[in-house]
Amino acid sequence: MRLLVVEDDPQLRAQLRAALEAAPYAVDTAPDGEEAAFMGETEPYDAVVLDLGLPKRDGLSVLRGWRAAGRSMPVLILTARGTWQEKVEGMDAGADDYLAKPFRMEELLARVRALIRRAGGQAAAEITCGLVALDTRAGRVTVAGQPVTLTAHELRVLSYLMHHQGRVISRTELTEHVYAQDFDRDSNTIEVFIGRLRRKLGVDVIHTERGLGYRLAAP
Amino acid sequence: MGRVGSLGRRLLALAVIWVLLALLVAGVALTDLFRRHVEADLTRAMEQHLDQLTAALSAPGQGAGRPLALARELSDPRFERPLSGLYWQVSQAGTVRLRSRSLWDQDLPGGGPVPADGALHLRRAAAPEGGTLLIWERRVSLPDADQPLDIAVAANAAALEAATGNFARVLALSLGVLALGLLAAALVQVRLGLVPLDRLRAALADLRAGRSTRVQGAFPSEVQPLVDDLNQVLADNADMVERARTQAGNLAHALKTPLAVIANSAHGMADAEGARLIAAETERMRRQIDHHLSRARAAAMARGAGLRTAVAPALAGLARTIPRLHPDRDIALDLQVPDGLLFRGEGQDLQEMAGNLLDNAAKWCEGRIRLSAAPAGPGQLCIIVADDGPGIPADRRAAVLARGTRLDEAVPGSGLGLAIVDDLARLYGGVLELDEDTALGGLSARLTLPRA
């Protein structure tokens, strides 16, 4: 899962990035409205954490721009001015959730998880596919109840596949949602991750659709 | 008419004084003029009588030694009727020689010798039949008389007075009618002249009642500068409030982002006790910022003139937002708000109050919330947020309105929600009451606020 964090305060931006990367998500950050607008329109994010009081361009106008351009990723608004009038404006502009500063990081993580889950059509906090279960709250994976230890990258690949079960995911799409923008991407490594995941899970849930990509489905 | 009325009364009093004074002077002058005219008429008539008398005395056939007699009687029959009020008398060297029958057995009151200049002399004396007698005299010398004759004609002034009195009465009546007409005109003039002030007063009442934000309409050139100045002051005030609100928002932003950084840093600290303390204190600071900012803003707003907010759109916005902020709960929100209902205050505060109540309802409900608003009595409206949750026991309802209380720490929220609503409602002179909802079975929060 790849997130965009838009926050002008460098300290808070760093804290958000650290907390979200530990979740683990691939995280891009933008310090101002103009950069945020461009990144949100060109990169495929699974969720956005958007501060409203931004330099250069106001957060609400950035959000309206994305929605007008047909970008439908879930957006969590983060703002210091937590009035209900602002909440209504934010939700009317196309936001999916709202969090007032200062906030507890656990609450932000919980809300981001819920946004991503709902965007993928998943209602419960635990997503299952056959014997494989992903607890989105703890980032833990079990197969038939037995915990499986995965690296951050492996977890991101599996998480994306779990959230989009039954759909064919191209290798490019997987790359885009697993790596942050500044990461040195190598699409071959995706194949490596898939291979390791198949070995660690031990069950045949990841299917290769020749020439198209991968599809997660219960055997 | 209040203060404007005193101005009207002042103008009216001036008009009354001026009209009465002018008409009084006119009445006196006209009566005097009339009297002179009537007197001149009488003088002419009496001079004719006197000429006639002189002619009758000096007719041929009257020689020396012969008794003085009139050649013919005077034409006016009143000279023959005793005490008719019209008399003549001829005297020579102080002795009365002849007199009219009307004088009967009396002489005209003596008045001393008449100057021998041939002119007509007027004097006044007491009349034999009562009243004032006007006596015209002339000394004439007849050719065959050895001594000059004093010829006098007299008329009672009563007729003259009566004519003048009649004229004065008719004149007074006419002038009185004229005065009433003029005063009525003055009244109309004052009323019409002060209409713009009445309009200004109505416009100010609208302003105070929150039906408008500036004084509307065009006024006469005497009043317009005042209205323009007033509107300028209102605009300046609105600007100032807007700037203050923006600055308050900026202050909130400037404080809260560092607070978020501090709170998050504390979370990663090795010193668990220190971390807990910092977290608790940052949370308290956040509450204080929220609390005092909303209070400051509402205090400024509640006194501001010309504020009104349509209730329906404000609540509809919340009704759209609340279920989306609680996506994991299947909330059916029943919105019953009549169009055209106006809250006398800031829209932001209305949404703050209703939003906090709705958020509480959304946290506690089983799935149903009813949000309704209606006019309540003169100048008030009520907003009711009811849910089908567990409600609050009657003995604890007062406690939840106290600042910072939270009945169940497990449900997220600042715990200030209801207290902030209560605070804001009081600032607007309203009230928040908690009760059990008879229809849904949960809590019913009833907010009474000023209506515009």
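1. Where in chain B is the place of B:L83? In this predicted model, B:L83 belongs to the loop that runs between α1 (2-57) and β1 (86-92) of chain B. The phi of B:L83 is near 50°, a positive value in a residue other than glycine. B:L83 counts as partly exposed because 15 other C-beta atoms lie within 10 Å, whereas a buried residue would need 20 or more.

2. A:K56 is not a glycine, yet its phi is positive, at about 70°. The residue sits in the loop between β3 and α3 (59-68) of chain A. With 13 other C-beta atoms within 10 Å, A:K56 is partly exposed.

3. Two cis peptide bonds in chain A deserve attention. One joins A:A23 and A:P24, with omega about 5°; A:P24 lies in the loop between α1 (10-21) and β2 (26-30) of chain A. Another joins A:K101 and A:P102, with omega about -10°. A:P102 is found in the loop between β5 and α5 of chain A.

4. Helix α5 of chain A, residues 105-119, comes next. Its 15 residues reach 21 Å from the first C-alpha to the last, close to the 21 Å expected at 1.5 Å a residue. The buried residues of α5(A) include A:L108, A:V112 and A:L115, and also the arginines A:R111 and A:R117. Among the elements that cover these buried residues are the strands β3 (47-51), β4 (75-79) and β5 (97-100), together with helix α6 (152-163), of chain A. After α5(A) comes A:G121, whose phi is positive, near 80°.

5. In soluble globular proteins, nonpolar side chains tend to be buried together. Here the largest nonpolar core has 104 residues, and those with the most contacts inside it are A:L3, A:V49, A:L50, B:L358 and B:V385. Helix α6 (residues 347-364) of chain B gives the most to this core, namely seven residues. Leaving aside residues up to four places away in sequence, B:V385 touches several residues, including B:A354, B:L357, B:L358 and B:A361. Apart from this core lies another, of 21 residues, with B:F79, B:L103, B:V153 and B:A154 among them.

6. How many residues of chain B are in contact with chain A? There are 25, and they meet 21 residues of chain A. On the side of chain B that touches chain A, α3 (224-267), α4 (272-303), α5 (311-325) and α6 each supply at least two residues. The largest share, 11 residues, comes from α3(B). By class, this side of chain B has 12 polar, eight nonpolar and five charged residues.

How values were computed. Residues are numbered from 1 along each chain as its sequence is written. Chains are lettered from A and ligands numbered from 1 in the order in which they are written. A nonpolar core is a set of buried Ala, Val, Leu, Ile, Met, Phe, Trp, Tyr and Cys residues joined through C-beta atoms within 7 Å. A residue is buried if 20 or more other C-beta atoms lie within 10 Å of its own, exposed if 12 or fewer, and partly exposed in between; C-beta atoms are placed from the backbone. Helices (H or I, at least four residues) and strands (E, at least two) are DSSP runs, numbered from the N terminus. Two residues are in contact if their C-beta atoms, placed from the backbone, lie within 7 Å. The expected span of a helix is 1.5 Å times one less than its number of residues. Ala, Val, Leu, Ile, Met, Phe, Trp, Tyr, Cys and Pro count as nonpolar, Asp, Glu, Lys and Arg as charged, and the others, Gly among them, as polar.
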